[in-house]
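I opened my notebook to look through this one piece by piece. Here is what I looked up, in the order I went.

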Amino acid sequence: MKLKELEGYLQDVAVFTDPKIKLEQYPTTPHLAARMLYTAHTTYDDIENKAVGDMGCGCGILSIAAAMLGSSYNVGFDIDPDAIAIAQENCEEFEIEMDFILTDLSAAPAPAIMANGEENARGPYEMMKGKLDTILMNPPFGTKLKGIDMVFLKKGIDLANHAVYSLHKTSTRDHILKKAKEWGVECEVVAELRYNLDKSYKFHKKQSMDIAVDFLRFEKKPRPEKRD
Amino acid sequence: MRLITHNMLQCHVKGCNANNFPLELQEVVLEQEEAEMNEDFLRNMLTKIEYDALVATCLKLDINDLPATIPADAAYNDEFLQILHRVILETHIKSGKMVCPNCQHNYIIRDGIPNMLLAEHEV
């Protein structure tokens, strides 16, 4: 499938009917979603036959794009049942199989250590670690809840078996590159894009605005082989 | 939610750290929906599935098709892969609840969606 074709199909994905500002619900545009998934598929082969997780899936556009490009299993996480309901309808419309989990991704991953020395499980999805090949997200940028973008990103990197695709404000690039180094993952700025936000909320003064976003790809390094 | 997803969910109530998987399905409504089979994907999942938990869960749902242990030739055993496909990717839980075997917390499933949100004091 060609990029333009994918973007065309994605025009029909329904968006939030009543976006919730505290959750920073802005629909990922068909243009951005198509660009992300097309690259993940054609350049990196991270989609076809893969198990794909979508963190803060909202109306499901990233997963729908993934499924159209041949992902084998899709699961979305979101805290908003209204968004999930729209995503479910979208999946029915597109005849796509996707599971959803109503859960809170905003809690900081607390490294609680259990008596046996293992890290405590803090989310219901801890067992998915290493089982989802690819994680997709367009996380909240943290304009309402500072730092939440990094909480999402860290969780995505923890869960992914191989790669994470995410969108972040370009202004946070240096910080993210530094964090990626700390976390021991490779981070590549795949593209710098414009995120065109239509006036979604009353506090927006302009009818439409562009913000600069980075399309980032993170790859987990294979564990170094043990030497005898 | 399909059984593959149930196979990856555990209880996350504060302090509930052991014996919190698999969540026991109760009062569930199941639905079979046909899906395209992808052998490569199933082979890839063989090492990722918690097989014992899957079998135990299925038996409680009166799904008795899975062998007690993964066949040695599972990756190229068409019959087995077909059963596995039907069980984990075509069996949907439409409603019901999941009960933690350890702390007995109930996670409700409605419209096919498990509600894994916890009240503040449970986090």
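**Entry 1: the sheet of chain B**

I began with a residue pair: B:Glu31 stands opposite B:His92 in strand 2 of chain B. I kept in mind that this is a predicted model, where local features need pLDDT of at least 70 and side-chain atom pairs pLDDT 80 or more, while totals for chains, interfaces and linings use all residues. Residues are numbered from 1 along each chain as its sequence is written, chains are lettered from A and ligands numbered from 1 in the order in which they are written, and side-chain values use heavy atoms, with hydrogens and water left out.

Strand 2 (91–99) pairs with strand 1 of chain B in the antiparallel sense over 7 bridges; a pair needs at least two DSSP bridges. Strands (E, at least two residues) and helices (H or I, at least four) are DSSP runs, numbered from the N terminus. I then found 4 strands of chain B in an open, antiparallel sheet, ordered 1-2-3-4. Strand 1 (24–32) and strand 4 (113–114) of chain B are at the edges with a single partner strand each, so one side of each has no neighbour in the sheet.

**Entry 2: two backbone spots**

I noted a cis peptide bond between B:Phe21 and B:Pro22, with omega about -10 degrees. B:Pro22 sits in the loop between helix 1 (3–6) and strand 1 of chain B. A:Asn49 belongs to the loop between helix 2 (30–42) and strand 1 (51–55) of chain A.

**Entry 3: where the chains meet**

How many residues of chain B are in contact with chain A? I found 28, against 32 residues of chain A, with contact meaning heavy atoms within 4.5 Å. The two chains bury about 2600 Å² between them, 56% of it on carbon and sulfur atoms; this is the accessible area (1.4 Å probe) lost on being put together, summed over both parts.

The rule gives 3 salt bridges across this interface, each a side-chain nitrogen of Lys or Arg within 4 Å of a carboxyl oxygen of Asp or Glu. I looked at A:Asp133 and B:Lys48, which form a salt bridge with their closest N and O atoms 3.1 Å apart.
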